[in-house]
Amino acid sequence: ACTLRQLLAVRAGSAAVAATAVAGGCSSTRRHVVVLRGLPGSGKSFLARRLALANGRASSVVCSADNFFERGGGVLNSKAVRQLTEDGGAGAVYAKVFSTDLVPQAHKYCRAEFCAAIGDGDSGAAGGDGGLDDEEATTTLVIVDNTNIESRMYRWYTSTAEAAGWTTIVVEFPPPADEAGLARLRRNGTHNVPTKTLAPVS
């Protein structure tokens, strides 16, 4: 039996254990959606990369609202995105195009990516750029890498996945207990979120 659900009940810092769980505990007949839940800088993206690498990149998809901004946010054309990425990485593109006004569109984009990955045709989002391919035949692991600070933020992903026959797992990264911990999260993060905006997961 797949032991991924048990081994992914992890705290931040257990990325190696979680990645091993994917590599050694999942058969190709099981399809899993892993929803990461935690503050910016807590290690979600690091864990997402480790999980995808352990499972095999060809059979793993990481869905994130950040992808929308890192791919130009509908503001930059592909040539400009490539140039900025070559000069400063995906973070440079994110910094160039990020706007709070575009956050709803970013989450809509993320949901469309997610539906494409699990093979659900009802994305709830308009088309557009994003390279959403039909991956249902090969994808065995889909990771949702968003903050999901409130439980309502991730329930759509778990309910949609379960309705499509996928096993869902929510991995929580406990928030720090003090201001020093919040400051550390800000240093770890890649998007310069002000410390005062970081709030406990609830």
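This is a predicted model: local features need pLDDT of at least 70, side-chain atom pairs count only at pLDDT 80 or more; totals for chains, interfaces and linings use all residues.
Which strands does helix 7 (residues 103-118) lie across? Residues are numbered from 1 along each chain as its sequence is written, and side-chain values use heavy atoms, with hydrogens and water left out. Helix 7 lies across strand 1 (32-37), strand 2 and strand 3, and it runs at about 165° to strand 2. Axes are lines fitted to C-alpha atoms, for helices over the stretch in contact, and angles run from 0 to 180 degrees between N-to-C directions. Helix 8 (residues 151-163) also packs on the sheet, where it touches strand 1, strand 3 and strand 4. The direction of helix 8 makes about 180° with that of strand 1.

The chain contains 9 helices and 4 strands. Helices (H or I, at least four residues) and strands (E, at least two) are DSSP runs, numbered from the N terminus. Read from the N terminus, the order of elements is α-α-β-α-β-α-α-α-α-β-α-β-α. Of the 202 residues in the chain, 39% are buried; buried means under 20% relative accessible area, exposed over 50%, and partly exposed in between, with a 1.4 Å probe and protein chains only. The accessible surface of the chain comes to about 10600 Å², and carbon and sulfur atoms hold 50% of it. Accessible areas come from the Shrake-Rupley method with a 1.4 Å probe; for residues, only the protein chains shown count as cover. Among contacts in the chain with a separation of 6 or more, 74% join residues 24 or more positions apart, a contact being heavy atoms within 4.5 Å.

The 4 strands form an open sheet with parallel pairing, in the order 2-3-1-4. Strand 2 (60-63) and strand 4 (167-172) are the edge strands, and each pairs on one side only. Neighbouring strands of this sheet are turned by 15° against each other on average, direction ignored. Two strands pair if DSSP finds at least two bridges between them. In general, strands of a sheet pair through backbone hydrogen bonds, either parallel or antiparallel. Strand 2 and strand 3 (residues 141-145) are joined in the parallel sense over 4 bridges, and 5 bridges join strand 1 to strand 3, again in parallel. Within strand 3, valine 142 is the bridge partner of valine 33 and also stands opposite valine 61. Isoleucine 143 in strand 3 stands opposite valine 62.

Strand 3 is largely enclosed by the rest of the structure, because 5 of its 5 residues are buried. Leu141, Ile143 and Asp145 point one way from the strand, while Val142 and Val144 point the other way. Apart from neighbours within four places in sequence, valine 142 is in contact with residues including Val33, Val61, Cys63, Phe114 and Trp166.

The largest nonpolar core has 14 residues, and Val33, Phe114 and Val142 have the most contacts inside it. A nonpolar core is a set of buried Ala, Val, Leu, Ile, Met, Phe, Trp, Tyr and Cys residues joined through side-chain atoms within 4.5 Å. At least two residues of this core come from each of strand 1, strand 2, helix 7, strand 3 and helix 8. Helix 7 gives the largest share, 4 residues. Another core, of 11 residues, lies apart from it and includes Ala48, Leu141, Ile143 and Ile169.

Asparagine 148 sits in the loop between strand 3 and helix 8 and is buried, with a relative accessible area of 3%. Leaving aside neighbours within four places in sequence, asparagine 148 is in contact with Val35, Leu36, Arg37, Met153 and Tyr154. Glutamate 172 lies in strand 4 and counts as partly exposed at 41% relative accessibility. Glutamate 172 and leucine 36 are 136 residues apart in sequence, yet their C-alpha atoms are 6.2 Å apart in space.

A search of the whole structure finds 0 disulfides, a disulfide being a pair of cysteine sulfur atoms within 2.5 Å. For cysteine 110, the nearest cysteine sulfur, that of cysteine 63, is 5.5 Å away. The sulfur of cysteine 115 is 8.9 Å from the closest cysteine sulfur, also in cysteine 63, which is too far for a bond. Cysteine 110 is buried at a relative accessible area of 0%, and cysteine 115 is buried at 1%.
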